[in-house]
Amino acid sequence: MIHIVKNSTQESDTVGWIMEHVLQAIKQDHPEITKAYFRQDNAGCYHSATLLTACPQKSSNTGILIKRVDFSDPQGGKGAYDRKAATVKVHVRRYINDGHDVETAEDFKSAILSHRGLSGVRVALVDNPQYRHTVESQL
């Protein structure tokens, strides 16, 4: 799931509502899921006290219990995500080469979803602070 965040900085509050959105989307698609484990890198916005103490409330809000939050070593354990990011970059470059501009969050979402999108990728355009979102799925 790729989140494109408008009007926000990368901070623990933003990460928190993205985590909650992911859990809500999972619960909607797979109501049988009751537990989640998060694995995140060691950036400061992921391991703040604010984010970790909010996990019980996010569990309550979504019906999925956050059992554990793990942190990888800096720059460690992100290979799969880095490969997917590289694929997204190539896809966006193709969109630009077709004559389109990518200057806004909406443009970036359109670029990712262009040419039938990317296999197995969901894109959510979220706007802080209202927590409004649009999710489009590509298989």
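Colleague: Contact means heavy atoms within 4.5 Å. On that basis, leaving out residues up to four places away in sequence, which residues does Thr62 touch?
Modeller: Glu20, Leu23, Gln24 and Lys27. Before we go on: this is a predicted model, where local features need pLDDT of at least 70 and side-chain atom pairs count only at pLDDT 80 or more, while totals for chains, interfaces and linings use all residues. Numbering runs from 1 along each chain as its sequence is written, and side-chain values use heavy atoms, with hydrogens and water left out.

Colleague: Where is Thr62 found?
Modeller: In helix α2. Helices (H or I, at least four residues) and strands (E, at least two) are DSSP runs, numbered from the N terminus.

Colleague: Is Thr62 buried or exposed?
Modeller: Buried, at 8% relative accessible area. The cut-offs: buried is under 20%, exposed is over 50%, and partly exposed is in between (1.4 Å probe, protein chains only).

Colleague: Which residues make the contact?
Modeller: From α1, they include Val15, Trp17, Met19, Glu20 and Leu23. From α2, they include Leu51, Cys55, Lys58 and Thr62.

Colleague: How many are nonpolar, polar and charged?
Modeller: Six nonpolar, six polar and four charged. Ala, Val, Leu, Ile, Met, Phe, Trp, Tyr, Cys and Pro count as nonpolar, Asp, Glu, Lys and Arg as charged, and the others, Gly among them, as polar.

Colleague: Zooming out, how many helices and strands does the chain have?
Modeller: Four helices and five strands. The pattern along the sequence is β-α-β-α-β-α-α-β-β. Buried residues are 35% of the 139 in the chain.

Colleague: Which residues touch the most other members in the largest nonpolar core?
Modeller: Ile2, Ile4, Val88, Ile112 and Val123, out of 13 residues. A nonpolar core here is a set of buried Ala, Val, Leu, Ile, Met, Phe, Trp, Tyr and Cys residues joined through side-chain atoms within 4.5 Å. At least two core residues each come from β1 (2-6), α3 (79-97), α4 (105-113) and β4 (122-127). The largest share is from α4, with four residues.

Colleague: And is there another core? Which residues are in it?
Modeller: A separate core has ten residues, among them Val15, Leu23, Cys55 and Val69. In soluble globular proteins, nonpolar side chains tend to be buried together.

Colleague: Back to Ile112. What is it in contact with, beyond four places in sequence?
Modeller: Ile2, Ile4, Val88, His91, Val92, Gly117, Leu118 and Val123.

Colleague: Which residues of α4 are buried?
Modeller: Ala105, Lys109, Ala111, Ile112 and Leu113. Lys109 has a relative accessible area of 8%. The C-alpha atoms of Lys109 and Ile2 are 9.3 Å apart, across 107 residues of sequence.

Colleague: What happens to phi just after α4?
Modeller: His115 has a positive phi of about 50°. Arg116 has a positive phi too, near 70°. Most residues other than glycine have a negative phi.

Colleague: Where is Arg116?
Modeller: In the loop between α4 and β4, where His115 also lies.

Colleague: Is Arg116 buried or exposed?
Modeller: Exposed, at 77% relative accessibility. His115 is partly exposed, at 35%.
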